Amino acid sequence: EEGTLIETMYSDVCRIVSKIAPENLISITGTAEFEYDDYYNRVETDVNSFLIFYYEDLQMPVEEQTIKYCEARANKWEKAAKDILYELNNLGAKKGQIIAIDAHYNEDNDDPAEYAVFSAWWNESLPDEGDLRNFLFQEGINDKGFWKDHYNRACEETELKGETAKIFSITSSSCGENGVTYWFYGKDKHTD
């Protein structure tokens, strides 16, 4: 919703990223910090943050770019993942413009239908390489497995996709007792 803290944070990320050369941007991710007492009861409100990772290049002046974002919330990770792809396509993101997709677990939401959250950013200043429809896909894991297993699976999937797909994002989030890891990739239909 416009004017909320999260809306302000998304806008701030867009403003900052708009001044980073596209080739220097590594990733954008969100996180929350919680304070607990000795009995593991949460005692402080959480602090939400977005982190922007990039290579600093002091030699290269950057023209301000047009960075956009969207968000999808659902009660299931699979639905939220599909919804973020729908939002990207519906809001005009194009092939070659996606710069980040990130998973967030919204534990404090009063509406359990919105605990699975994906946010995405795209750079409209990058060349339009075509429509995202029938190009952008997602796969994921949602289980009680070890993080190492999640990361290994994402690496294996990246290797399996090889030359036929471009990985846009690999993102993970804790989710109650489960962990979720999703990978988003682009692939032309005719390469199947």
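Strand 3 and strand 5 run antiparallel, joined by eight bridges. One of the paired positions is R73, whose bridge partner in strand 5 is V117. This is a predicted model, and the pairing is read from its atoms. Strands of a sheet pair through backbone hydrogen bonds, either parallel or antiparallel.

Turn to helix 2, residues 77-90. This helix has 14 residues. From first C-alpha to last, helix 2 reaches 20 Å, close to the 20 Å expected at 1.5 Å a residue. Which residues of helix 2 are buried? They are W77, A80, A81, I84, L85 and L88. Seen down the helix axis, these buried residues fall within an arc of 140 degrees, so they line one face of helix 2. Their packing partners include the three sheet strands: strand 3 (67-74), strand 4 (98-105) and strand 5 (116-123). The buried residues also pack against strand 6 (136-143), strand 7 (166-175) and strand 8 (178-186). Just after the helix, G92 takes a positive phi of about 100 degrees.

The largest nonpolar core has 25 residues. Within it, W77, I84, L88, I101, F118 and F184 touch the most other members. Strand 3, helix 2, strand 4, strand 5, strand 7 and strand 8 each supply at least two residues of this core. The largest share, six residues, comes from helix 2.

Take L88 as a close-up. Leaving aside residues up to four places away in sequence, L88 touches C70, A93, I98, I101, A120, W122, L132 and L136. Among these contacts, I101 is another of the residues that touch the most other core members.

There is also a second, separate core. This one has 14 residues, including Y10, V13, L25 and A100.

Notes
Residues numbered from 1 in each chain as written. Predicted model: local features only at pLDDT ≥ 70, side-chain atom pairs only at ≥ 80, totals over all residues. Heavy atoms only, no water. Helix = DSSP H or I, 4+ residues; strand = E, 2+ residues; numbered from the N terminus. Expected span 1.5 Å × (residues − 1). Buried < 20%, exposed > 50% of the residue type's maximum accessible area, 1.4 Å probe, protein only. Arc of directions from axis to C-beta. Contact = heavy atoms within 4.5 Å. Pairing = 2+ DSSP bridges. Core = buried A, V, L, I, M, F, W, Y, C linked by side-chain atoms within 4.5 Å.
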